[in-house]
Each structure stands twice: as structure tokens, then as C-alpha cells.
Amino acid sequence: DMTQVLTRADVSSRQITLAPNWAPLGLSPQPAAAAENLRRAWGLEGKFIVAYSGNLGRVHDLEPVIAVAEQLRHRPEIAFVFIGGGAQRPLLGQEVHRRGLTNVYFQPAQPREILPSVLALGDVHLVTLLPGCERLVFPSKLYGVTAVGRPVVVIGPTGCELAALVTRENFGLAFTRDQTGAIAAAIAALAQDPSRRQLLGAAAVGFSTAHRGAKNAADRWERALARSALAEPHDE
């Protein structure tokens, strides 16, 4: 999506390098038991956890998540857990209170050293993006989620790279912001289908492994810098 912005501005393809994002170092597939301490500490034992871990920022489409949680309020075993802070945190809390939702939980950002357990907490993870932002933003949280082997549910614009990647690589599902009923149904179905979650999680690990993370990105940056150095005029 970002390369298209440059291409449409008549930037030559020879001047464009697409370097992917990457997962924080040290993340690897996690067993379900990896997050048991957090489940106990946060009062989430026995819950199917739909997690959103990361910045609650302005470009992330979080309003539909609250609408989905409301549609699943009759399923108390399904918990929506926001982990992190950001510009939208106060408004989200107010909306949860206004709707009287008891299936939505908030936790502050957690220490880096327990990130594997934090990501393992989610039985499925949400990754969202406001329509119009896909040309300028790609949620980096996707890579940490795949590294620990968890399925992803995307809420974002139709046809954006985020949605296309998740569905193409078969480690999750993608919906638009107005498909809250379909999102709720999909989450409810995943909660009842551990074998499906296992398949999606395995595909996530496969994608993360093939993607090569930081090594891939660093290699592309190095090649781009080398080309740039060769192209620059040198003093005689």
C-alpha cells in the first residue's frame, strides 16, 4: 500500500525498497500454559481471550471491537482484553462503562521481559486499522503475534495489505469495520473450535519463520543503502 503511494507520485520503482517490519527478538511459539500466571493475576481463568496488545492509538480502529464485545455479552466465557495505553484509552473505557459491558478488561502496557507471556495470553489477537490509514501505517504488532503462534482477526479496509496478508497466509480472518456481526460469529466459532485455532496458529508460526523478521528487514536496508552509496556522485 505504501509503495503504491510513491508509485502514483511518479517515484521510480528503482528508488523504492519495501522492507518489512519484524517481531521483537526473543519471541517464539508459546504453549497455552505460558500465560497461566497472567490469567490468574488478571482474573481471567477459564476465559477464551480475545486480545488487543499494543498502542491504543489514533490510527487503530477500536470502536468496532466494543460493538463486537457488546454482541457477545451473553457469552461470559469470552473476554476482550486490551493491553496497553494510548490516545483512545479514556474514550474506550467510557464507552465500555456506558454500555455496561462486563466482558471487556483493560491492562496497562507490560514489561518487555514478559512479552511472550502477554502475547500467549490471547487465544486470538485483534489487529485493526482505520480506513484511509493503510497507505501510511502497517501495524507492527502483527509480527509479534505470529511469532508466538496465535491466530489473528483483522478489522480493516477491504483489500488492504494487512487483510490480504493474513488471509493469503491462512493464519487469520479479515473483516471490515461494519461487519461486527460476522466478527462476533467468527470469534464465537473459534472459541468452540480448538483444532481450527491450532491450524491457524501453526500457519502463523510458518509465516513468521519464512518471513525471517529482523534479518530480512536488515538485509533489505543494507542493499538499499549500498545502492544509494553507489548512485551518489563522489568527489574527485
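Arg73 is partly exposed, with a relative accessible area of 40% (partly exposed lies between buried, under 20%, and exposed, over 50%, with a 1.4 Å probe and protein chains only). The model is predicted: local features need pLDDT of at least 70 and side-chain atom pairs pLDDT 80 or more, while totals for chains, interfaces and linings use all residues. Residues are numbered from 1 along each chain as its sequence is written, and side-chain values use heavy atoms, without hydrogens and water.

**Salt bridges**
- The whole structure holds twelve salt bridges (a side-chain nitrogen of Lys or Arg within 4 Å of a carboxyl oxygen of Asp or Glu).
- Arg73 pairs with Glu70 at 3.6 Å, N to O, and Glu70 is partly exposed at 29%.
- Arg99 also forms a salt bridge with Glu70, with the closest N and O atoms 2.6 Å apart.
- This pair joins helix 4 (residues 89-99) to helix 3 (residues 63-71), with Arg99 and Glu70 29 residues apart (helices are DSSP runs of H or I, at least four residues, numbered from the N terminus).
- Arg99 is buried, at 18% relative accessibility.
- Arg168 and Glu161 form a salt bridge at 3.8 Å between the closest N and O atoms.
- Shared partners join Glu70, Arg73, Glu95, Arg98 and Arg99 into one network.

**Largest pocket**
- Its lining has 29 residues, with Leu18, Pro20, Phe138, Tyr143 and Glu161 nearest the centre (on a 1 Å grid over the protein atoms alone, a pocket is an open set of points where a 1.4 Å probe fits, with protein on both sides within 12 Å along at least five of seven lines; lining residues have an atom within 4 Å of a point).

Terms used:
Helix = DSSP H or I, 4+ residues; strand = E, 2+ residues; numbered from the N terminus.
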